[in-house]
Amino acid sequence: NGPFVVANVPSFQLYAFDTVGGTGAPALQMNVVVGKADVGRETPLFERNMSYIIFRPYWVIPPGILRSETLPAVRRDRGYLARNDMEVYSGDGDTGPALSPTAANIARVASGELGIRQRPGPRNSLGLAKFIFPNDHNVYFHGTPATELFSRSRRDFSHGCIRLEDPAGLATWILRDPRNWSRKQVEQVMNGDRSRRVNLDRQIPVVIYYTTAVVWPDGKVGFFEDVYKHDARLESTLAKGYPFAP
């Protein structure tokens, strides 16, 4: 009966509610960017609990992107890492030491022994905050420097994670502490000089779901494009008319 967050993929919207029930109107609403309608990039649908926020995060490049995009770019141009604020690291992606991008270390990256990450800052692909609700999909909410995408009507551009139009607003709502975490204080940490992890006193349920028809609190109905063709596949299955067991 406490606060919870939902993200509807077809509407490209996130809604934060103060409590289950109530008026039905969200306390916070914002545009989001979801995974591209492509094999391997769609945002998965699931429920988990948010447990912490990282301000000024590293972007630890996932293995699939590392293999298909980052390593080929590095092999073509050794200046790629420096231009994109990236570095080789060992150990944990958020805390492990940075290493020199030597040919030997790049080979260790290719073998899976080392990794590549992007340093925190305004150019970081995750923006200045990420919101973690641990899951097997390695999906989370995060900011983005590509803010121009939020003005588009169709917003499926990511590799699967959900990009937020207003990460500072969501962080302020989640932390619910106007004395220590006002929006101004949140923005100061986001624009500070170091990464900071903030564990939540109370985990917040997160639901990522998919519906192309919504009834708003005022009674109006909204319809959205079936971007991942989930509705089309369901209709096709139902149209086959599988017989029920007696």
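Colleague: Which side chain makes a polar contact with the side chain of Arg-154?
Modeller: The side chain of Asp-156 does, at 2.8 Å. Please bear in mind that this is a predicted model.

Colleague: Where does Asp-156 lie?
Modeller: Asp-156 belongs to strand E11, which covers residues 156-158.

Colleague: Is Asp-156 buried or exposed?
Modeller: Asp-156 has a relative accessible area of 6%, so this residue counts as buried.

Colleague: And which backbone nitrogen lies 3.1 Å from a polar atom of its side chain, that of Asp-156?
Modeller: That is the backbone nitrogen of Ala-37.

Colleague: Leaving out residues up to four places away in sequence, what does Asp-156 touch?
Modeller: Asp-156 is in contact with Phe-12, Val-34, Gly-35, Lys-36 and Ala-37.

Colleague: Let us turn to strand E6. Which way do the residues of E6 point?
Modeller: Strand E6 spans residues 86-89; Met-86 and Val-88 point one way, while Glu-87 and Tyr-89 point the other way. In a regular strand, side chains alternate between the two faces of the sheet.

Colleague: Are those four E6 residues buried or exposed?
Modeller: Met-86, Glu-87, Val-88 and Tyr-89 are all buried.

Colleague: In what sense do E6 and E8 pair?
Modeller: E6 and E8, the latter comprising residues 115-118, pair in the antiparallel sense, over 4 bridges. Within E8, Gln-118 is the bridge partner of Met-86.

Colleague: How many bridges join E6 to E7?
Modeller: There are 2 bridges between E6 and E7 (residues 98-99), and these strands run antiparallel. Leu-99 in E7 is the bridge partner of Val-88.

Colleague: Now the surface. Which residues make the nonpolar patch of about 340 Å²?
Modeller: Val-215, Val-221 and Phe-223 make that patch. Of these, Val-215 is found in strand E14, residues 213-215.

Colleague: Why does Val-215 count as exposed?
Modeller: Val-215 counts as exposed because its relative accessibility is 59%, and the exposed class begins over 50%.

Colleague: One more topic: where is Gly-21?
Modeller: Gly-21 sits in the loop between strand E2 (13-17) and strand E3 (28-35). Its relative accessibility is 48%, so Gly-21 counts as partly exposed.

Colleague: How many residues apart in sequence are Gly-21 and Thr-147, and what is the C-alpha to C-alpha separation in space?
Modeller: Gly-21 and Thr-147 are 126 residues apart in sequence, and their C-alpha atoms are 32 Å apart in space.

Key. Residues numbered from 1 in each chain as written. Predicted model: local features only at pLDDT ≥ 70, side-chain atom pairs only at ≥ 80, totals over all residues. Heavy atoms only, no water. Patch = residues over 30% accessible without salt bridge, like charges linked within 9 Å, V, L, I, M, F, W, Y side chains within 5 Å. Areas by Shrake-Rupley, 256 points an atom, 1.4 Å probe, with all protein chains shown as cover. Salt bridge = Lys/Arg side-chain N within 4 Å of Asp/Glu carboxyl O. Buried < 20%, exposed > 50% of the residue type's maximum accessible area, 1.4 Å probe, protein only. Pairing = 2+ DSSP bridges. Polar contact = N/O pair within 3.5 Å; in protein donor to acceptor, adjacent residues only side chain to side chain. Contact = heavy atoms within 4.5 Å.
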